[in-house]
Amino acid sequence: MLEIGLFALTWQSIVMIAIGLLLIYLGIAKNMEPLLLGPIGFAVILANLPLTGITAAPTVEVGPGLLYIVYEELIATGIVPLIIFLGIGTMTDFSPLLANPKTFLLGAAAQVGIFLALGLAIIIGFDLNAAASIGIIGGADGPTAIYAATRLVGDRPEIIAAVTVSAYSYMALVPIIQPPIIKALTTKKQRKIRMGKMRKVSRIEKIVFPIGVTIIVGLIVPDALPLVGMLMLGNLFQVSGVMDRLSDVGGNALMDIATIMLGLGVGFLMTGDTFLQLETLKILLLGVFAFATATAGGTLFGQIFYKISKGKINPMIGGAGVSAVPMASRVVQKMGQTEDAGSHLLMHAMGPNVAGVIGSATAAGILIGLIA
Amino acid sequence: MTPIEVILIGLGVVFITLGILTLSTYLFGSIINRFFVSKEEEEMEKIAAIVAAIQSRGDQ
């Protein structure tokens with residue numbers, strides 16, 4: 001018998017379709033993470049149109065729906081977030097970190113947000129696995145947040161959906177969330193500090209770095225190896241100078257395919273009955289807290305660097321220790337130039353920024369190892 | 001494992017891991033720059049000279 005979807009619409013599906021339209025609007029009209037919000041928004045509409053079976057699990061009579069397959073085979077298994085990490089590796093330049101390795105510690109300090117948000121989530125009433133998933137939002141790294149959430153709360157799609165939306169939304173809102181926090185924790189005089197030219201990094205250093213990081217992180221935090229290993233493999237493609245074809249595919253075609261699949265998979269999670277809950281709102285608010293405290297942690301550690309260097313290091317670069325590359329660095333550059341037009345902090349902020357990518361992946365691996 | 005333990009161990013291991021990466025990056029950077037970079041640059045200069053010679057021959 002023919003069933004008409006119109007008569008099966010519920011208020012939840014109508015609200016979710018409106019949210020899908022909003023995401024598409026933000027992506028296209030406001031240019032907020034359009035490559036991701038576009039597919040996610042469209043997939044949310046797909047997932048919430050009634051009677052389509054597009055999100056259905058397989059039964060004896062009927063096979064699985066399209067979005068179900070995408071989520072179960074590509075997202076829940078961790079394949080897509082890891083492929084995206086490989087793509088990020090091909091596009092990341094670790095030279096600023098190699099030129100100034102101590103900025104690794106600023107990337108570590110910014111991970112404070114992950115653990116503070118975890119603590120607050122526990123106080124609010126989430127269990128340890130959910131709290132750890134929520135905390136990872138503070139890493140400001142979408143693929144890491146999804147990978148960790150699928151490992152920590154794989155049986156609770158409502159939490160994975162909220163964590164994913166939260167992580168990507170706040171990444172897009174870096175230029176709005178970070179400046180007031182960095183400004184509150186630094187003085188005008190400090191924000192004016194100019195930093196010297198960085199040393200040139202040799203090609204051999206660039207090649208040894210991804211191999212060395214993979215081995216060291218793999219030996220200390222084995223559960224972080226899938227993320228860090230793929231990031232470093234992608235980076236090796238780029239810096240080797242002889243694997244251009246692989247670097248090109250990893251950073252373009254493969255990354256784009258993975259992004260489309262990620263959008264569809266996240267859309268699968270955002271059905272009315274799972275997403276429209278009070279817990280989602282709590283997670284979105286905890287995400288802001290995680291991101292804000294991560295920025296504060298990095299900036300405050302930047303203050304320690306400022307003291308130790310006797311005023312030569314601009315403490316604002318610590319705020320870029322979250323792994324939203326390169327938006328966080330651009331925020332620091334812009335804030336520096338607002339105070340002093342001749343200040344060029346971008347490359348100095350890129351050091352902690354790329355360290356933050358390694359830091360958040362490491363933190364995720366630690367939490368997976370301790371809790372999952 | 002209690003949440004407090006997770007927070008303390010987690011944050012501690014993040015700092016230890018990135019601290020080790022800091023030290024090893026300094027160490028390998030200094031070794032590479034001391035023993036390998038000059039040779040690499042010499043080779044690059046030789047290659048640049050060969051390329052320049054070929055280009056000048058092509059111009060003639």
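Modeller: Of the 372 residues of chain A, 56% count as buried. Keep in mind that this is a predicted model. The fold is helical: chain A has 20 helices and zero strands. Its radius of gyration is 21 Å, close to the 21 Å that the globule rule gives for 372 residues, so chain A is as compact as a globular protein of that length. Along the principal axes, the C-alpha atoms of chain A fill a box of roughly 75 × 45 × 40 Å. Take contacts in chain A with a separation of 6 or more: 74% of them join residues 24 or more positions apart.

Now the core itself. The largest nonpolar core holds 135 residues. Within it, Leu118(A), Ile134(A), Ile137(A), Val163(A) and Ala364(A) touch the most other members. H20(A) gives the largest share of this core, 13 residues.

Zoom in on Ile137(A). Leave out residues up to four places away in sequence, and Ile137(A) touches Ala117(A), Ala145(A), Val163(A), Ser166(A), Ala167(A), Tyr170(A), Gly287(A), Ala290(A) and Phe291(A).

Finally, the contact with chain B. It takes 33 residues from chain A and 26 residues from chain B. On the chain A side, helices H6 (104–109), H7 (112–124), H13 (203–220) and H20 (346–371) each supply at least two residues.

Terms used:
Residues are numbered from 1 along each chain as its sequence is written. Chains are lettered from A and ligands numbered from 1 in the order in which they are written. This is a predicted model: local features need pLDDT of at least 70, side-chain atom pairs count only at pLDDT 80 or more; totals for chains, interfaces and linings use all residues. Two residues are in contact if their C-beta atoms, placed from the backbone, lie within 7 Å. Helices (H or I, at least four residues) and strands (E, at least two) are DSSP runs, numbered from the N terminus. The radius of gyration is taken over C-alpha atoms; the globule rule is 2.2 Å times the number of residues to the power 0.38. A residue is buried if 20 or more other C-beta atoms lie within 10 Å of its own, exposed if 12 or fewer, and partly exposed in between; C-beta atoms are placed from the backbone. A nonpolar core is a set of buried Ala, Val, Leu, Ile, Met, Phe, Trp, Tyr and Cys residues joined through C-beta atoms within 7 Å.
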